[in-house]
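Morning, everyone. Let's walk through one structure together, starting with the sheet and ending with the rings.

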Amino acid sequence: PCTECSCSSGKQADKDPSHTKKKEKEDQSCIPKIFFGTRTHKQITQISRELKRTAYSCVPMSILSSRDYTCIHPVVSNSSNRNEMCVELLEGKHGRSCSYYHGVHKLTEHHALQPVPQAWDIEDLVGLGRKLRACPYFAARELMVGADIVFCPYNYLLDPQIRDSMDINLKGQVVILDEAHNIEDCARESVSFGVTESQLRAAREELDVMVNNSIRQEHHGPLRAVCCSLI
């Protein structure tokens with residue numbers, strides 16, 4: 001009898017019959033995902049094409065991208081504020097919903113049921129999504145759960161807000177950054193934003209109302225001072 005399993009000792013098996021299952025579950029949970037970050041979506045297409053040429057072309061994978069590249073809803077995809085309109089549909093505002101979102105399982109199950117899945121890119125997923133009338137954006141997020149390798153732009157890994165919204169947990173995972181000399185610019189963009197003078201003046205006017213009506217003056221007063229100094 002071997003010394004690594006319960007067959008060498010009946011007492012050990014009686015003591016904890018679920019020990020083997022627990023150990024298998026622990027070992028399985030320790031397998032890390034590979035998060036491969038690139039600078040642009042175009043580079044993801046190039047890398048997925050190279051993946052097809054390797055011995056690992058059949059591993060479970062996913063590609064995370066914005067709604068700009070993956071939304072196929074006829075109205076939302078042609079809108080300038082896709083994110084907001086998508087959220088409104090998912091929340092059922094105005095009595096409408098998104099039939100493409102409710103068909104996500106068609107897309108995820110289609111990939112899972114392929115006998116020999118091949119590496120794919122965003123265009124492949126979007127094309128299949130149009131054919132099945134299923135949302136590629138949310139399908140890619142679902143596929144991430146069982147994926148061994150996940151491709152995404154830099155900011156999906158660097159920006160904590162995006163990581164949180166996409167349910168990305170990098171603890172214990174493998175992170176690869178392609179052309180990492182571009183990380184500094186991406187990091188700056190993640191913690192920066194643009195604001196116009198008209199927006200600053202509008203904010204100052206609203207803060208004037210708050211301060212003049214004694215509404216949380218200790219907070220709104222300093223904010224108004226910042227707006228004034230920037231103007």
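What follows is a short tour of the sheet, the cysteines and the aromatic rings.

First, the ground rules. This is a predicted model, where local features need pLDDT of at least 70, side-chain atom pairs count only at pLDDT 80 or more, and totals for chains, interfaces and linings use all residues. Residues are numbered from 1 along each chain as its sequence is written, and side-chain values use heavy atoms, with hydrogens and water left out.

Now the sheet. Four strands make an open sheet, ordered E2-E3-E1-E4, with parallel pairing. Strands here are DSSP runs of E, at least two residues, and helices are runs of H or I, at least four, numbered from the N terminus. Two strands pair if DSSP finds at least two bridges between them. At the edges sit E2 (61–63) and E4 (174–177), each pairing on one side only. On average, neighbouring strands are turned by 15° against each other, direction ignored.

Look at strand E1, residues 34–38. Four bridges join E1 to E4, and the two run parallel. Gly-37 stands opposite Leu-177 in E4.

What lies across E1, E2 and E3? Helix H3, residues 41–51, running at about 155° to E3, which spans 149–153. Contact means heavy atoms within 4.5 Å. Axes are lines fitted to C-alpha atoms, for helices over the stretch in contact, and angles run from 0 to 180 degrees between N-to-C directions.

Next, cysteines. How many disulfides does the structure hold? Zero, taking a disulfide as two cysteine sulfur atoms within 2.5 Å. For Cys-227, the nearest cysteine sulfur belongs to Cys-228, 6.9 Å away. Cys-227 is buried, at 10% relative accessibility. Cys-58, at 35%, is partly exposed. Buried means under 20% relative accessible area, exposed over 50%, partly exposed in between, with a 1.4 Å probe and protein chains only.

Last, the rings. Rings of Phe, Tyr and Trp (its six-membered ring) pair if their centres lie within 6.5 Å; planes under 30 degrees apart are stacked, over 60 edge-to-face, the rest tilted. That rule gives three aromatic pairs. Phe-36 and Phe-151 are tilted, 5.6 Å centre to centre, with 50° between the planes. Phe-36 is in E1 and Phe-151 in E3, so this pair ties together parts 115 residues apart in sequence. Phe-36 is buried at 15%, and Phe-151 is buried at 1%.

Tyr-137 and Phe-138 are edge-to-face, because their centres are 4.9 Å apart and their planes at 90°. Ring pairs link Tyr-101, Tyr-137 and Phe-138 into a cluster.
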